[in-house]
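Work through the exercises below with the model open. Each task is followed by a solution in steps.

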Amino acid sequence: MNDYNFAYLDEQTKRMIRRAILKGLAIPGYQVPFASREMPMPFGWGTGGVQVSAATLTPEDVFKVIDQGADDTTNAVSIRKFFQATAGVDTTEETDKATVIQTRHRIPEAALNEDQILVYQVPIPEPLRFLEPRETETRKMHSLEEYGLMHVKLYEDIARHGAIATAYAYPVKVEGRYVMDPSPIPKFDNPKMTMPAIQLFGAGREQRIYALPPYTEVVSLDFEDYPFEASKADHSCELCGADDSYLDEVIVDDQGGRIFVCSDTAYCASRQTALQDAAAAQHEEISA
Amino acid sequence: MTLQKSSEEFFTEFSENSAPRPLFRVANIEKRYGQRIGCTGVNFDLYPGEVMGIVGESGSGKSTLLNCLAGHLEPDQGEVLFDTRDAGLVDTVTMAEPERRMLSRTDWAFVHQHARDGLRMSVSAGGNVGERLMAVGARHYGQIRDEAIDWLGRVEINETRIDDRPSAFSGGMQQRLQIARNLVTGPRLVFMDEPTGGLDVSVQARLLDLLRGLVRQMGLSAIIVTHDLAVVRLLADRLMVMKDGHVVETGLTDQVLDDPQHAYTQLLVSSVLQV
Ligand SMILES: Nc1ncnc2c1ncn2[C@@H]1O[C@H](COP(=O)(O)OP(=O)(O)OP(=O)(O)O)[C@@H](O)[C@H]1O
Ligand SMILES: [Mg+2]
Ligand SMILES: [Zn+2]
């Protein structure tokens, strides 16, 4: 059906990537360099995540892709189709049916389990980059655990905005050792990162892979008098009523009308279905 | 030959007559750039609370020496011993890098000639002062900020400037900020390379007064490299005169300046040499 090797990459490349992944799992939060390959898509499309997924997928896997929480964006659809075509794997939009989930900017609302792998697309893997552009220096800072600069960044946030304004890519410390960029997920998702599933992070342009084994301790950095808060918009979802999920603000008309809806479309859809079923059951009861 | 001898004699004499333990001991330091000598045969002891000035014309090896002492350059020869809190006198040249880097942001401080080399220009004044505190584990924003305000006051920067970036500061203010940023962790030894260089004369005078006040208040030990004899006159207890990478004369500052022994120092003091 196609001329590609399974999941597009050749076996040697996949082995190289798997070695990087295994090393990453052995040293949680440590950025492992790898020889990133050209993929038939631009860097902004998550080539790092795609390569990690390619090295991770087996023919039995069920694959899900989300972009900002949604299964139906161009980016998510393209990547899903790419692996349908090159690996022939089944795909799904349902979080609990997927065994490998590639994501950009979100962690699914539904709790993940030990049989699942979450693959993140990462644009900038180096959390220290903001204040220290020299790669040689940041590498040394990681190896010597010199992380004072991360707090300088948070200090600047509070000095300028009165609170830690960092809302995405909020830095974390992994198992009390490496400081890590969780990719641009909202800080609302940070507490979920201590989870039963394996988490793999791929940065294509920057040629780095890092990883979190199941149940790894992940702590968001903060100050004693400005503790970390996993904040979200103070609303409930207009469509499913959820008040515990991360919400996107959506403009609904040209009069500036706006509503809040779940960013995780699969979560929202499953809740809407459940609500409808419950309503139908109630209706049946009444008419019976 | 004879030049080197005199400095060694001084070294021996000084260490024998002094009962307290030196804070810093420099033994036979040499640094070459290929065939060219950066500095060679440098020996001295620095005692707690003492300020040592290093003077000499351009290219005489002052910065090379200072950078070897502060761990920025690796000397080809010699020892740089520091009286560490844990283990007493330890050779910082052969010390493991993590320990040396830890020293550099706790017990040591380095004031660069150009403030922008010693400041983070994209970070506010308060963040600049707070960085060393956070580097050693301070995690209370309010306390870090209070400390930063206190230190800005000590270097005569109005606390209303705490959230401004150094790029909005004058050269003199930048230099004072760099000093605050370095002294906030209460270092025991401060290295300074031309701290007043490149500033207007009136600005220099104010900075010198400030430095002298801080050195006295905090009982700082310091090694100051400068072209400017007025700087060492005001700040340094002892003086080392360098020429072509060698120490040609050393002694108490007033003695050296008022009664120079070496012909080169005589020229230097009489301002015949444009240093
Ligand atoms: N990186 C380098 N490579 C080669 N030679 C160097 C280097 N740095 C300094 N030198 C040489 O070593 C000698 C001492 O230079 P150094 O910069 O230490 O002098 P200095 O006394 O600090 O001068 P200045 O007063 O101009 O700052 C000079 O001959 C200089 O040209
Ligand atoms: Mg110099
Ligand atoms: Zn919803």
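The exercises take each chain in turn, then the contact between them.

This is a predicted model: local features need pLDDT of at least 70, side-chain atom pairs count only at pLDDT 80 or more, and totals for chains, interfaces and linings use all residues. Residues are numbered from 1 along each chain as its sequence is written, chains are lettered from A and ligands numbered from 1 in the order in which they are written, and side-chain values use heavy atoms, with hydrogens and water left out.

**Exercise 1. Describe the fold and dimensions of chain B.**

Step 1. Count the elements: chain B has eleven helices and ten strands. Helices (H or I, at least four residues) and strands (E, at least two) are DSSP runs, numbered from the N terminus.

Step 2. Take the extents. The C-alpha trace of chain B spans about 55 × 45 × 40 Å along its principal axes.

Step 3. Check the radius of gyration, taken over C-alpha atoms; the globule rule is 2.2 Å times the number of residues to the power 0.38. For 275 residues a compact globule would have a value near 19 Å, and chain B agrees with 19 Å.

Step 4. Look inside. Of the 275 residues in chain B, 53% are buried (buried means under 20% relative accessible area, exposed over 50%, partly exposed in between, with a 1.4 Å probe and protein chains only). Contact means heavy atoms within 4.5 Å. Of the contacts in chain B with a separation of 6 or more, 68% join residues 24 or more positions apart.

**Exercise 2. Is Thr64(B) buried or exposed, and what does Thr64(B) touch?**

Step 1. Apply the cut-off. Thr64(B) is buried, because its relative accessible area is 10%.

Step 2. List the partners, not counting residues up to four places away in sequence. Thr64(B) touches Lys31(B), Tyr33(B), Gly38(B), Cys39(B) and Leu73(B).

**Exercise 3. Which residues surround Val50(A), leaving aside neighbours within four places in sequence?**

Step 1. Val50(A) lies in helix α2 of chain A, residues 47–56.

Step 2. Val50(A) is buried, since its relative accessible area is 0%.

Step 3. Its contacts are Met39(A), Met41(A), Trp45(A), Ile79(A), Phe82(A), Phe83(A) and Gln102(A).

Step 4. Val50(A) and Gln116(A) are 66 residues apart in sequence, and their C-alpha atoms are 16 Å apart in space.

**Exercise 4. How many residues does each chain bring to the contact, and what area is buried?**

Step 1. Chain B brings 22 residues and chain A brings 21 residues.

Step 2. About 1900 Å² is buried between chain B and chain A, with 56% from carbon and sulfur atoms. Buried area is the accessible area (1.4 Å probe) that two parts lose on being put together, summed over both.

Step 3. Find the main contributors in chain B. Arg101(B), Arg139(B) and Tyr141(B) lose the most area to chain A, together 39% of what that side buries.
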